[in-house]
Amino acid sequence: MSAPASESAAPAPLGNGWVGVLPVVLAAALFAGFASMLPAVAAGSVLRWQADWVPSLGLSLAVLVDGLSLTFALLISGIGALVLLYSNTYLAGHPQYGRFALYLTAFMVSMLGLVLADDLILLFVFWELTTFTSYLLIGFSHEAETSRRNALQALFVTAAGGLAFLAGLILLGFAAGTTRISDILAQGDALKAHALYLPILVLLLAGAFTKSAQVPFHFWLPNAMAAPTPVSAFLHSATMVKAGIYLLARMHPALSGTGVWLWTLTILGAVTAVFASLLALRQTDLKQALAYTTLMALGTLTLFLGQESGYAMTAFATFLIVHSLYKAALFLVVGCIDKATGTREAELLGGLGRAMPITAIAAAVAAMSMAGFPPFLGFIGKELKYAGALAVASEPVLVAGAVLVSNALMLAVAGVVAFRPFWRPASGPLPRSPGEAPWAMLSGPVILAALGALFGLYPDVLQRALVAPTVVSLTGTPAEVKELKLWAGINMPLVLSATTFVLGLAFYAWHRPLRSALEAAFSRLPSLDAGWDRFLDGLKALAAWQTRVIQTGRLTDYLFATFATILLGLAAGIMAGGLPPLAIDVSGATWVHVALAALLLAGAGLTVGSASRIAAIAALGVVGIGTALVFIVFGAPDVAITQLLVETLVVVLVAVALLRLPALARDRFRPAHAALATALGATVALVLLAVLSAPLDRRLTDYFEAASWPEAYGRNIVNVILVDFRALDTFGEIAVVVIAALSAYALLRTTKGDRT
Amino acid sequence: MNSVILRAGTRYLVGLLLVFSLYMLLRGHNEPGGGFIGGLTGATGFILYAIACGTRDARAALRVAPQAIAVAGLGLALIAGLASALFGDALFTGQWLFLGASETDKGLPLSTVLVFDIGVYLVVFGSVLTLVFAMEEEL
Amino acid sequence: METLLALTIGALTGAAIYLMLAGNLMRFIFGLVLISNAANLTIFAAGRLTEGAPPLIAEGADTLTGTAANALPQALVLTAIVIGFGLFAFAIVLVFRAWTTLGTLEPDEMRLAEPPEARP
């Protein structure tokens, strides 16, 4: 997978005109707007705003700005502005840059809506919008098949999680009696005791874990790197994957503190963190390696959200910011490398430090933060992580161990991604001779890396502005906020930090043999990605199979199914309603009646049994005449005359058309069809007998009989009904006759004898 | 079919059947008959003519295209139905006019119901002939 | 007679369905004619059978005198017969067109839109 943009060489800064500049300005304005809220939020107030949306459904556009949502909003808009600026150069002259900028801006706005929403339904709407926009962004290079496939995979996994999420939100709203998030957060104890707590939790976690790519849903995130690098920097480091984390954090006050919450988040978070950092070391593609370290970070954040201690919460808030800063910077650096050299392969790259000094320094600073070296913010983050891990009451060793291993591996990966390409000698010729990127592309990594360094030196600024308000959002009290310091004295976290450095440097030194060992080990594991393909193939095969079974394309099968359904419906009706006692009475039958029945039966039998067209048509005529005789005998002269005339016309049409068709082949006996026909015929007879056993409602008939002459001046009641009482019905019926005639006429005229 | 006797006989038979069909139509309100039966009877007559002398002659004798007759009949029935609106009644309510009525005799009853029945007659007559002529010619 | 007619109608329906399932369009049309006859008889029988007394008001009388056949189902059946004829004529034209265009009366062989080899 290579970013398609790397094919176009020599990018010009700000190369897309106003389409490129406008989104940057928008994002920067949003960032400034959010920044202006900092003082109020830092002082402890919570900003709210709302407007009616669908009042009849109780939906409102409610916005909530507290420490947590403001931190996210600042990260989203700030990194968004830098990424948009970067993209404008990275994809300069791309024929579809307008589309790209639209998707990315739409994504950013959806993401902002997601973190600011104070209503569950609103939250879900934005949640789904981020899913769709990220699908469009991952599949931006839609000419490439892998790109389409990976976009679809991300969409399926996150949208499936989104469905579970929606169900969870509905249950939550039902349990809490409101969809207003700030109201829900206030009734945590009642929710935890609610009978629906477990279903709500499982469904919400399913949504959060798929979105944040936690094990076992992690497989889609590395594939999502098919997106252009700025997208990966934005969506897959700082924002979208953190939507799940945001949700967990948002719901933390209401839902945390139970055993299920603690163990699910702790175990899955720890497993994701360690597993992903091993996978990251295994990668030689720089972008893939970063993708897996993102998974590791998400796992760690999940792990901390499982806890309740102030240390864990402070660690969460700090690491959230640290990670967003260095990860976005490093993704952008990798984009610069890719653009400059035409490759992202770790084993090829080398000696870039001389050609790209600014990139190299930005990369080094970001990597130091990632590796957790003092005096960078990453060091503080790491110290807090250890403090938070040790504060885990139940299993401090396990959690701290997981954090230690993943931190050490992260250090090694930081070296591989951000140190080796620049400072080791090149191992061979590169696809392109490298040079420094334009300022628009450099500004992102430089600013983000510099912030990591600055906040490391002045942690109290960050503490006051963002970390403390976030922790207050999570715990509800400023008392739980732990202080961010570079030097906290010699304590357990410091010892663990030192161990991390030793272990991490060892991993880095031997990362190549380690990588081969991991390669060998993981190749034996079943791949979830391949499993996904098999799952989709199976789904398609299932669909094809059931289509083959149901949609056979054979008319006989369809008719069989139709008649069988009618039979089942009638039988079910009889079963459910029961039959009235049947008045079976053949005593009044005279020989005329018996002869009529015999005539009808003989005609029907001959039609079925005959192999000759003429005999069958004659037999049908017998049935028609028999029917007419029934009408005559039972006092329906009008009907009988009509029937006889129609029989005559049928004979004419048959003579014209049917006899020019090929002769019939002898029909073989079809047992299944015979059984169905017999059963349905018997059921019809049974239903008719039941109808005849019920009393007849003569009200309409009585009315017609009484009113026919006095009101409608007609002695033939049948005709009076047809042309007067029910004239509207008759009108509809003669319209059908006209339509049938004209359709047949059109059919005959338009396709005159053209045999293909 | 090429039979001199049939052709010669048919001319009279067609006339007879047409007259009979009109009789069936008009008496339909009080005796068995009516627009459906009349239309079918009349169509049978012309079909006989078409069988004996060919559809070209039958069409010529009919003068008007049968599909036009069918559609005209549908329009006539619709007008008969809508006419009641002029008298302030619900649609398709029969309106009657008794010409020369006296205490004991209703005289000549004229009604929108009769017009409607004539419309039915024309629809059935035209539709059946449309079908049969087209099939005779095209198949 | 009502019981007898009900059983006969059941037999006609069964025969019609067996014919319609035959997988041959000509037999399908036979089945169609048979089933419309059965349906008409069903409506007629459901209104009860009265022998030999058509629903005609005698000259001079204002309403029916004595029992007469139920007029309502007769009116329904009468139009049904004519519509059934229209349907039959249309079906016959369709089948004939199918034969002249596709050269077969077996719908299972009419695979112009869904050629069998194109299935996965």
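Reader: In which helix of chain A does A:Thr627 lie?

Author: The structure is a predicted model. Within chain A, the stretch of residues 613-633 forms a helix, and A:Thr627 belongs to this stretch. The element that holds A:Thr627 is helix 28 of chain A.

Reader: Does A:Thr627 count as buried or exposed?

Author: A residue is buried if 20 or more other C-beta atoms lie within 10 Å of its own. A:Thr627 has 28 C-beta neighbours inside 10 Å, and therefore A:Thr627 counts as buried.

Reader: Which residues does A:Thr627 touch, not counting residues up to four places away in sequence?

Author: The C-alpha atom of A:Thr627 is separated by 7.3 Å from that of A:Leu600, which is 27 residues apart from it along the chain. Contact is judged by C-beta atoms, which must lie within 7 Å. With residues up to four places away in sequence left out, the residues touched by A:Thr627 are A:Gln643, C:Asn37, C:Asn40 and C:Leu41.

Reader: Which helix gives the largest share of the side of chain A that touches chain C?

Author: The contact between these chains takes 93 residues from chain A and 82 residues from chain C. On the side of chain A, 59 residues are nonpolar, 21 are polar and 13 are charged. The largest share of that side is 14 residues, and these come from residues 671-693 of chain A, helix 30.

Reader: How many residues of chain B are in contact with chain C, and which helix of chain B gives the largest share?

Author: Seven residues of chain B are in contact with seven residues of chain C. By class, the side of chain B has five nonpolar, one polar and one charged residues. Its largest share, four residues, comes from residues 112-138 of chain B, which form helix 5.

Reader: What pattern does chain C follow along the sequence?

Author: Chain C has three helices and zero strands. Of its 120 residues, 61% count as buried. Among its contacts between residues at least 6 apart in sequence, 52% join residues at least 24 apart. Read along the sequence, the pattern is α-α-α.

Reader: How far apart are the end C-alpha atoms of the spans of chain C that UniProt places as "transmembrane region"?

Author: An unreviewed UniProt entry places this feature at residues 25-46 and 75-99 of chain C. In the model, residues 25-46 of chain C are 100% helix, and their end C-alpha atoms lie 31 Å apart. Residues 75-99 of chain C are also 100% helix, with end C-alpha atoms separated by 36 Å.

Reader: How are helix 18 and helix 19 of chain A oriented, roughly, to each other?

Author: Helix 18 (residues 377-390) and helix 19 (residues 396-418) of chain A pack with their axes 8 Å apart, at an angle of about 160 degrees. Angles over 145 degrees count as roughly antiparallel. Therefore helix 18 of chain A is, relative to helix 19 of chain A, roughly antiparallel.

Reader: How many of the 23 residues of helix 25 of chain A are buried?

Author: Helix 25 of chain A covers residues 528-550 and reaches 32 Å from its first C-alpha to its last, close to the 33 Å expected. This helix lies largely in the open, because the number of its residues that are buried is zero.

Reader: What covers the buried residues of helix 9 of chain A?

Author: Helix 9 of chain A has 15 residues, 197-211. Its buried residues include A:Ile200, A:Leu204 and A:Phe209. Their cover includes helix 6, helix 12 and helix 13 of chain A.

Key:
Residues numbered from 1 in each chain as written. Chains lettered and ligands numbered in written order. Predicted model: local features only at pLDDT ≥ 70, side-chain atom pairs only at ≥ 80, totals over all residues. Helix = DSSP H or I, 4+ residues; strand = E, 2+ residues; numbered from the N terminus. Buried ≥ 20, exposed ≤ 12 C-beta atoms within 10 Å, placed from the backbone. Contact = placed C-beta atoms within 7 Å. Nonpolar A, V, L, I, M, F, W, Y, C, P; charged D, E, K, R; others polar. Axes fitted to C-alpha atoms, helices over the stretch in contact; angles between N-to-C directions. Parallel < 35°, antiparallel > 145°, perpendicular 65-115°, else oblique. Expected span 1.5 Å × (residues − 1). UniProt positions renumbered as here; feature names shortened; annotations may be inferred.
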